[in-house]
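I opened my notebook beside the model and kept it next to me while looking things up. Here are my entries, in the order I made them.

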Amino acid sequence: MQFGIFSVGDIAPDPTTGHTQSEAERISNIARIAVRADEVGLDVFALGEHHNPPFVPSSPTTLLGYIAALTQQITLSTAVTLITTNDPVKIAEDYAMLQHVAGGRLDLMIGRGNTVPVYPWFGKDIREGVALALENYNLLHRLWREDVVDWEGRFRTPLQGFTSTPRPLDDVPPFVWHGSIRTPEIAEQAAFYGNGYFANNVLAPNLHFKPLVDFYRERFEHYGHGTKEQAIVGLGGQAFIAKRSQDAWTRFRPYFENYPLFRGSSLDDFVSRTPLSVGSPQEVIDKTLTFQEGFGDYQRQLFALDGLALPLDVALEQVELLGTEVVPVLRKEMAARRSADAAAAPTHADLVRSKYGDSEPRQPRPNPNRGDNLSGTSPYQDSDPATEARFPLSV
């Protein structure tokens, strides 16, 4: 079981001081929060992707690459990478490079996002959102597993003889989670490939996403990747923690009730109806255990801790309490309740071992005189030498 945090990089005025972080402050603070998560032993730090104010993470790979250099153990991820408006070729290249930079401490969550105008900003039609997501991931899956790809689809120019570089680290692609809270087609695609399915268990009523999670589990088993209990599920969450329960409620209330998304909502009502946890470490532990009861055994739990205009010192305190007081107990309690058949959370080391056993993993070494030189055959020294070099047709 993996535990971690995710940030969407939002900015808003602090309702208690009036201070609004600059973009420079927020970017620096996100990195400091990720480093603290690593120091207190959390497993995952995930970063969203947005292209509009008041959010700053327009380039997750850039910031995650910087964080990779500052951290030692923590797995880096996205929450989410927009599979609809990003070119899958660029995703393949950027995240393979980040996987190398991070020494394998990387996986990827893909999704459609929740910002409607992003589609026309990037020349896409939101009415094609599901079709874009499905086709683009189908191509990404191949780009990370085939040295030479010929491909033609609806939404981008064809590829002839294309090799995505660098190849994934150890020739093992980053593990992919498909993030979705409303689309069975995405759950179906995740199950078809044996990938993970992530339901961002925030905002909606308790267990609202259970039908989609159950559907994914059934289809995972249908495609022969394992039993329903072995399907790879991740959940989101949101929490505010204090040593004393009343302190948590008192301190968090102005941030929640003055945040634009929640203005007019009652914190008490929201906590009672949704997965949001507010209170002492034990109260957060108890509520999180209800996720396991409701959704079944799962592999990854991420919490949003740094949003809603919380100042840096408060966000760092939240990470500290989560990592030192909440997660150690959750690890023990969830392990005790966990089925022996449940799958472990995927890691790069596990994926390498699954592919190669005790053998050394592949380390691709390019052949010369290919690409811009338009000559040569196979792109790598260990590729099939009979591979024909095929290049884009003249138009």
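**Salt bridges**

I began with aspartate 107 and arginine 300, and both are buried, meaning under 20% relative accessible area, where over 50% is exposed and anything in between partly exposed (1.4 Å probe, protein chains only). This is a predicted model, so I kept local features to pLDDT of at least 70 and side-chain atom pairs to pLDDT 80 or more, while totals for chains, interfaces and linings use all residues. Residues are numbered from 1 along each chain as its sequence is written, and side-chain values use heavy atoms, with hydrogens and water left out.

Aspartate 107 forms a salt bridge with arginine 300, with 2.7 Å between the closest N and O atoms; the term asks for a side-chain nitrogen of Lys or Arg within 4 Å of a carboxyl oxygen of Asp or Glu. Aspartate 107 sits in strand 5 (residues 107–111) and arginine 300 in strand 13, so the pair ties together parts that are 193 residues apart in sequence. For helices (H or I, at least four residues) and strands (E, at least two) I use DSSP runs, numbered from the N terminus.

By this rule I count 27 salt bridges. Another joins aspartate 306 to arginine 26, the closest N and O atoms being 3.0 Å apart. Aspartate 306 is in the loop between strand 13 (300–304) and helix 11, and arginine 26 is in helix 1, so this pair ties together parts that are 280 residues apart in sequence. Aspartate 306 and arginine 26 are both buried.

I also noted a network of salt bridges that links Asp147, Arg167, Asp171, Lys355, Arg362 and Asp382.

**The sheet**

In what order do the nine strands of the open sheet run? I read 3-2-1-13-10-9-8-5-4, with parallel pairing; strands pair if DSSP finds at least two bridges between them. Strand 3 and strand 4 (81–82) are the edge strands, each pairing on one side only. Strand 8 (residues 175–179) and strand 9 (residues 196–199) pair over three bridges, and histidine 178 stands opposite tyrosine 197 in strand 9.

**Aromatic pairs**

My search of the whole structure gave 13 aromatic pairs. I paired rings of Phe, Tyr and Trp (its six-membered ring) with centres within 6.5 Å, calling planes under 30 degrees apart stacked, over 60 edge-to-face and the rest tilted. Tryptophan 177 and phenylalanine 198 have ring centres 6.5 Å apart and planes at 90°, so they are edge-to-face. Both tryptophan 177 and phenylalanine 198 are buried. Tyrosine 197 and tyrosine 216 are stacked, at 5.4 Å centre to centre and 25° between the planes. Tyrosine 197 lies in strand 9 and tyrosine 216 in helix 7, so the pair ties together parts that are 19 residues apart in sequence.

Phe240, Phe252, Phe256, Tyr259, Phe262 and Phe270 went down as one aromatic cluster.

**Cores**

Which residues have the most contacts inside the largest nonpolar core? They are Ile5, Leu42, Phe45, Tyr216 and Leu322, in a core of 91 residues. Such a core is a set of buried Ala, Val, Leu, Ile, Met, Phe, Trp, Tyr and Cys residues joined through side-chain atoms within 4.5 Å. Helix 11 (residues 312–337) gives the largest share of this core, nine residues. Apart from this core lies another, of 19 residues, among them Ala242, Trp249, Tyr259 and Leu267.
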